[in-house]
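Student: Please take me through one part of this model closely. Keep it brisk.

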Amino acid sequence: MSDCLFCKIVKGDIPSTNVYKDEQVIAFRDINPAAPTHILIVPNKHIDSVNMLIPDDEPLIGRLFGIAKMLAAQEGIAEGGYRLIVNTGAEAGQTVFHLHMHLLGGRQMKALG
Ligand code: 5GP
Ligand code: ZN
């Protein structure tokens, strides 16, 4: 996906503040943080959204949670609590159509709505 922002970040064509990278996943700080910790956990492979997942992607999705757990501990927010969000579709507020998980923490969260 040559015109995809997060594919460009995965390739290193757009700079990002990375906190994790392996052959399947990259994690970097959100450019417009909504909490003291706001990290995006992103599969290197382009997937538009949860709507485009296939059964073969399930280990990769599990891996996103494992990395979220590891990064929450690294950020010092595991004990206090944190929120994992995967916006799916425009009505949910998805603006970048390359699947990603938000890791948010470091402040009291409000109820969902
Ligand atoms: P979404 O709204 O699709 O769930 O989340 C997209 C997120 O990507 C937003 O929180 C937005 O601030 C973040 N974002 C957009 N462009 C960039 C960028 O160029 N670099 C980084 N690090 N984050 C970005
Ligand atoms: Zn992409």
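Tutor: Start with two strands: S1 (residues 18–21) and S2 (residues 25–29) pair in the antiparallel sense, over 3 bridges. Strands are DSSP runs of E, at least two residues, and helices are runs of H or I, at least four, numbered from the N terminus. Pairing takes at least two DSSP bridges. Between S1 and S2 lies a hairpin of 3 residues. Lys21 faces Ile26 in S2.

This is a predicted model: local features need pLDDT of at least 70, side-chain atom pairs 80 or more, while totals for chains, interfaces and linings use all residues. Residues are numbered from 1 along each chain as written, chains are lettered from A and ligands numbered from 1 in the order written, and side-chain values use heavy atoms, without hydrogens or water.

The largest nonpolar core has 16 residues. Such a core joins buried Ala, Val, Leu, Ile, Met, Phe, Trp, Tyr and Cys through side-chain atoms within 4.5 Å. Buried means under 20% relative accessible area (1.4 Å probe, protein chains only). Val25, Ala27, Ile39, Ile41, Leu64, Leu71 and Leu103 touch the most other members. S2, strand S3 (37–43), helix H2 (58–75) and S5 each supply at least two residues. H2 gives the most, with 6.

Look at Leu64. Leaving out residues up to four places away in sequence, its contacts (heavy atoms within 4.5 Å) include Val25, Ile41, Pro43 and Met101. A second, separate core of 10 residues includes Cys4, Ile9, Val10 and Leu40. In soluble globular proteins, nonpolar side chains tend to be buried together.

Key
Buried means under 20% relative accessible area, exposed over 50%, partly exposed in between (1.4 Å probe, protein chains only).
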